[in-house]
Amino acid sequence: MTVVESRPRFSGMIDARERVTGRVGYTIDIELPGMLHAKLLRSISPHARIARIDTSRARSLPGVVAVITGADLVNQGDLFPWYGPVFRDQPVLAVDKVRFVGEPVAAVAAVDLDTAREAVSLIDVEYDELPAVFDVDAALADGAPILHEGPPRLGQTFADVIVNASGDSNICNHFKLRKGNIEQGFAEADHVFEDVFTSPAVQHVPLETHACVAQVKAGQVTVWAGAQIPFIVRTQLAEIFKIPATRVRVVVPTLGGGYGGKCYPKIEPIAAVLAAAARRPVKLHLTREEEFVTITKHAMRIRMRTGVRDDGKIVARQSICHFNTGAYADIGPRLIKNGGYGTGGPHAIPNVWVDSYAVYTNIVPAGAFRGYGISQAAWAYETQMDMIAERLGLDPYAFRQQNLLRDGDTVMTGEPMEDSHFGELLETAADKIGWDFNGWDVPPERHGNKVRAKGLSCIIKGTVTPSTSTAGARLNDDGSLDVLTSSVEMGQGVKTALAILAAERLSLPVGMVSVSEPDTSVTPYDQQTSSSRSSFSMGNAVGIAVDEVRRQLLEQAADLLEVAVDDLELVDGAVQVVGIPKPALTYGEVIRRSRTGNLLGNGTFATKGGLDPDTGQGIGSVHWHQAAAAAEVEVDLETGRVDLLNYHAGVYAGRIINPVQAELQTEGNVAFGVGQALFEEMIFDHGQLQNGNLGDYMIASIKDMPKQIDLNVLEHPEANEIHGIGETSLPPVMPAIGNAVYRATGVRITDLPITPEKVLRGLREREAPEARSAAADGSAR
Amino acid sequence: MTALGPALSENPAMATPRAADDDGRVSVTLRVNGAEHRVRVRPHHTLLEVLRDDLKLIGTREGCGIGMCGACTVLSDGAPVSSCLLLAVLAENRELTTVEGLEGPDGGLDAVQEAFVEHTAFQCSYCTPGFLLATKALLTDIPDASPEEVKDYLAGNLCRCGSYVKILDAVLDAQQRVQSGRTGAESQ
């Protein structure tokens with residue numbers, strides 16, 4: 001159901017003019033008086049003991065102000081030079097050992113970049129190589145070198161994190177989910193299918209690479225950073241400097257893309273300790289090549305067993321998930337929970353068993369990435385859904401519809417499903433793509449050397465629960481409203497969304513609302529700008545804050561007008577007496593005449609929930625994000641190339657705040673997914689990244705987009721809940737395309753990406769038996 | 001011509017070798033957005049660095065540093081070039097245009113900018129100046145470009161937020177705006 005409101009909705013971005021004139025300011029644009037430029041020396045070894053570092057030649061280069069190493073930070077004595085959002089396992093600069101190629105080893109601050117670069121080249125490091133592991137099998141083998149010995153160093157972390165780590169192996173963390181009785185479930189099944197799916201590490205590639213300007217002055221550490229989670233950066237800098245959080249200030253200008261890659265501290269600790277050493281402001285801005293060795297999406301392997309009855313009902317699913325989390329934990333210990341429970345899928349399965357592991361290896365750390373584990377999980381279960389449908393001779397659409405979660409079913413984490421729209425989304429997807437399944441034996445539509453076919457998928461994604469957002473609202477004496485928030489604008493349009501929500505709530509034009517940039521010294525706490533939660537969570541906090549302002553405004557106006565509050569209403573920036581359709585007092589007049597200066601409101605919105613550490617049962621998500629997709633592909637049988645003819649993206653939004661932004665986020669997910677489906681993959685050789693630049697690593701261009709895109713951003717305003725849509729329509733892309741490619745070619749690819757080479761190899765393997773039998777018949781090809 | 005403009009041997013800036021000062025810098029005169037700027041740069045500094053660091057024109061941004069993403073696109077004598085690949089010393093005697101040069105003297109937006117606002121053809125907008133300038137060049141090079149020609153022309157500009165659907169809409173809209181503007185001018 002798509003609702004067309006009679007009232008025109010604001011659609012666009014409030015700072016559009018700044019964005020098309022190049023004036024919107026990013027962190028890279030910040031300059032401070034006396035500011036120095038930083039460059040890093042990075043490890044060339046995947047695993048080694050640092051035998052010796054000589055920085056003397058760098059220090060004596062004219063123009064160099066500071067050179068620091070990990071040993072310097074330890075020896076200084078007044079710092080705690082480790083960080084990490086769950087485990088404090090990552091040194092600000094390598095201490096004693098390096099654990100991946102690209103790990104920062106030393107940092108230089110100099111008067112300009114040329115000098116800093118030259119100084120870095122003058123630092124000598126001697127490494128004693130250690131045995132290294134690059135994939136989960138090697139990392140978990142007997143006798144494997146252990147990356148982090150001893151129990152993990154814990155610190156303040158997110159409420160939903162479950163830690164189950166001993167520190168005596170390369171298992172960084174282990175998440176367990178036990179729903180129902182898995183043995184009984186498989187016993188009930190008439191068929192059990194077991195398949196393995198893999199997806200590679202990929203990079204976020206925000207066009208603005210990580211940047212940070214840091215200043216340490218009068219006992220105050222200030223960083224301007226492209227950081228999605230300013231309050232975690234603040235907490236961790238306070239830990240590093242051993243100072244109260246109030247002495248750390250994190251300011252976040254708009255981001256040139258984030259996609260999860262700018263969650264949690266990344267380069268801020270280095271910039272801050274370097275600024276402290278230099279006693280001058282420092283700017284650190286990574287090159288594209290450095291960005292590639294900063295953080296990645298987790299490479300993952302899932303072994304999935306699914307038990308199905310003869311009637312098509314899924315009764316059991318067991319998933320063993322191995323996430324390659326790289327050399328440092330980052331958010332891996334938490335992400336394996338979402339990726340792990342995510343394998344339960346949008347299906348009503350009574351018996352589910354998941355073991356999900358984050359595994360340390362000597363490659364670039366993996367962390368949050370748009371989709372947050374669900375892309376990997378959905379690639380597995382939505383591919384397997386089609387594989388099972390074929391083995392049982394079922395229509396993949398009907399097989400999905402039969403098993404989708406409906407209201408009242410229990411989701412994999414044990415809570416009842418509410419506000420479910422999977423069936424509706426999938427039905428629309430099938431309709432819009434022209435789903436025409438006539439059996440698995442029917443050959444695909446063929447045009448010369450090209451074959452065409454369609455594929456479907458449907459996914460479920462949670463949002464972090466429990467979670468907390470707080471906000472402030474200030475109505476000024478000219479009737480304008482300031483919204484104080486720490487939500488980070490990164491292109492998703494959160495500032496515009498919050499302005500719209502605040503304006504609606506107080507009957508103001510959107511143009512009368514300003515939304516702050518995060519500044520931890522001024523703006524109230526927010527847990528994170530990620531997990532597709534800001535419109536929902538911060539939107540609710542802003543609503544509560546504005547309601548408080550509204551209450552005060554009505555009380556003051558009632559006093560001034562000598563009427564009861566109940567006799568007043570707010571209309572377009574003015575207070576009216578009910579029944580008298582003209583402004584009695586403008587908001588500004590109320591504030592000026594009541595001499596309140598301004599009206600202040602605070603809002604706190606917190607959700608409850610969390611999972612049992614032993615069973616993974618509880619409340620996994622305050623509400624469930626839902627999406628479905630349909631793809632029509634054309635595959636060239638001579639080259640293996642996959643072209644996208646038509647694509648339908650369906651996503652449940654609950655209520656749309658900003659229509660064009662809702663479309664942009666969904667179209668953006670398609671672009672993101674097309675890259676991951678067809679070509680994105682970080683290729684490592686002995687821990688050395690082989691394609692860490694935009695010449696060798698492709699991201700989707702305008703020509704890679706599907707020729708036709710159709711969107712269904714589904715609204716059910718009566719449910720009265722906003723669902724974030726920043727990520728939900730991404731995970732369906734890869735399996736929808738993979739399933740279509742299979743139906744077109746008979747080539748089932750279970751390891752992303754679906755490259756022309758893999759398709760061709762699959763086609764040849766399929767042809768080979770025919771060719772052999774043809775040769776046996778003596779007929780020439 | 002090369003992808004970067006005239007071949008080095010044809011570039012008048014190369015005709016007279018200049019001695020560098022003690023800091024390794026040479027004097028370069030750049031013509032940007034109609035104004036002349038004299039800057040002292042090291043010979044390895046790219047036009048991108050000089051635009052941002054010396055001229056403080058921050059709308060031009062680095063995305064990849066190797067000419068693959070288009071975020072640093074500027075116009076050189078009307079042709080789109082990657083300013084991360086063009087040495088500043090070779091950019092003399094060219095008419096350079098950055099995003100800051102698109103607005104009219106009265107602050108009015110160019111038709112391409114207007115179309116991008118109208119369609120919200122951006123998300124984080126880091127890539128937007130590059131797209132705007134490439135589109136300016138497209139509208140001159142191929143005034144009646146078909147959607148497929150637009151895609152071919154803009155394939156070297158990357159938008160990681162994936163705003164491509166709206167970008168295509170905006171470019172086709174800008175094409176209409178420019179054409180109707182021309183028609184209007186001709187009919188007067």
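Student: Let's start in chain B: which residues of α3(B) do Val112(B), Gln113(B) and Phe116(B) in α2(B) meet?
Tutor: Bear in mind that we're looking at a predicted model. On the α2(B) side, the contact uses Val112(B), Gln113(B) and Phe116(B). The residues they meet in α3(B) are Thr128(B), Leu132(B), Thr135(B) and Lys136(B).

Student: And by class, how do the residues of that contact of α2(B) with α3(B) divide?
Tutor: Lys136(B) is among the residues on the α3(B) side, and lysine counts as charged. The whole contact divides into 3 nonpolar, 3 polar and 1 charged.

Student: What does the crossing angle make α2(B) relative to α3(B)?
Tutor: The axes of α2 (residues 111-119) and α3 (residues 128-141) of chain B come within 9 Å and cross at roughly 130°. Roughly perpendicular stops at 115 degrees and roughly antiparallel needs over 145. So, relative to α3(B), α2(B) is oblique.

Student: Is that crossing left-handed or right-handed?
Tutor: Here we want the sense in which α2(B) passes α3(B). The crossing is right-handed.

Student: What percentage of the contacts in chain B with a separation of 6 or more comes from residues 24 or more positions apart?
Tutor: Chain B has 188 residues, 49% of them counted as buried. For its contacts at a separation of 6 or more, the part from residues 24 or more positions apart is 61%.

Student: Over to chain A: what radius of gyration does it have, given the value for a compact globule?
Tutor: Its C-alpha atoms fill a box of roughly 100 × 80 × 50 Å along the principal axes. With 781 residues, a compact globule would come out near 28 Å. Chain A agrees with that, at 28 Å.

Student: How much of chain A counts as buried?
Tutor: Chain A is built from 19 helices and 33 strands. Among its contacts between residues at least 6 apart in sequence, 79% join residues at least 24 apart. As for its 781 residues, the part that counts as buried is 58%.

Student: What does the angle make α7(A) relative to α8(A)?
Tutor: Helices α7 (residues 230-241) and α8 (residues 268-278) of chain A have axes that come within 10 Å and cross at roughly 45°. Roughly parallel would need an angle under 35 degrees. That makes α7(A), relative to α8(A), oblique.

Student: Which residues of α8(A) take part in that contact?
Tutor: From α7(A) come Val233(A), Gln236(A), Leu237(A) and Ile240(A). By class the contact has 5 nonpolar, 1 polar and 1 charged residues. The α8(A) partners are Glu268(A), Pro269(A) and Ala272(A).

Student: Is Glu548(A) buried, exposed or partly exposed?
Tutor: Glu548(A) sits in helix α15 (residues 534-561) of chain A. Burial would take 20 or more other C-beta atoms within 10 Å, and exposure 12 or fewer. Glu548(A) has 17, so it counts as partly exposed.

Student: How far is Glu548(A) from Leu600(A) in space, C-alpha to C-alpha?
Tutor: Leaving out residues up to four places away in sequence, Glu548(A) touches Gly601(A), Asn602(A) and Gly603(A). Leu600(A) is 52 residues from Glu548(A) in sequence. In space, their C-alpha distance is 7.6 Å.

Student: Last one: which element gives the largest share of the side of chain A that touches chain B?
Tutor: The contact takes 41 residues from chain A and 40 from chain B. On chain A's side, the elements giving two or more residues are α1 (16-20) and α17 (659-678). The largest share, 7 residues, comes from α17(A).

Terms used. Residues are numbered from 1 along each chain as its sequence is written. Chains are lettered from A and ligands numbered from 1 in the order in which they are written. This is a predicted model: local features need pLDDT of at least 70, side-chain atom pairs count only at pLDDT 80 or more; totals for chains, interfaces and linings use all residues. Two residues are in contact if their C-beta atoms, placed from the backbone, lie within 7 Å. Helices (H or I, at least four residues) and strands (E, at least two) are DSSP runs, numbered from the N terminus. Axes are lines fitted to C-alpha atoms, for helices over the stretch in contact, and angles run from 0 to 180 degrees between N-to-C directions. Angles under 35 degrees count as roughly parallel, over 145 as roughly antiparallel, 65 to 115 as roughly perpendicular and the rest as oblique. A crossing is left-handed if the near helix is turned anticlockwise from the far one by less than a right angle, and right-handed if clockwise. The radius of gyration is taken over C-alpha atoms; the globule rule is 2.2 Å times the number of residues to the power 0.38.
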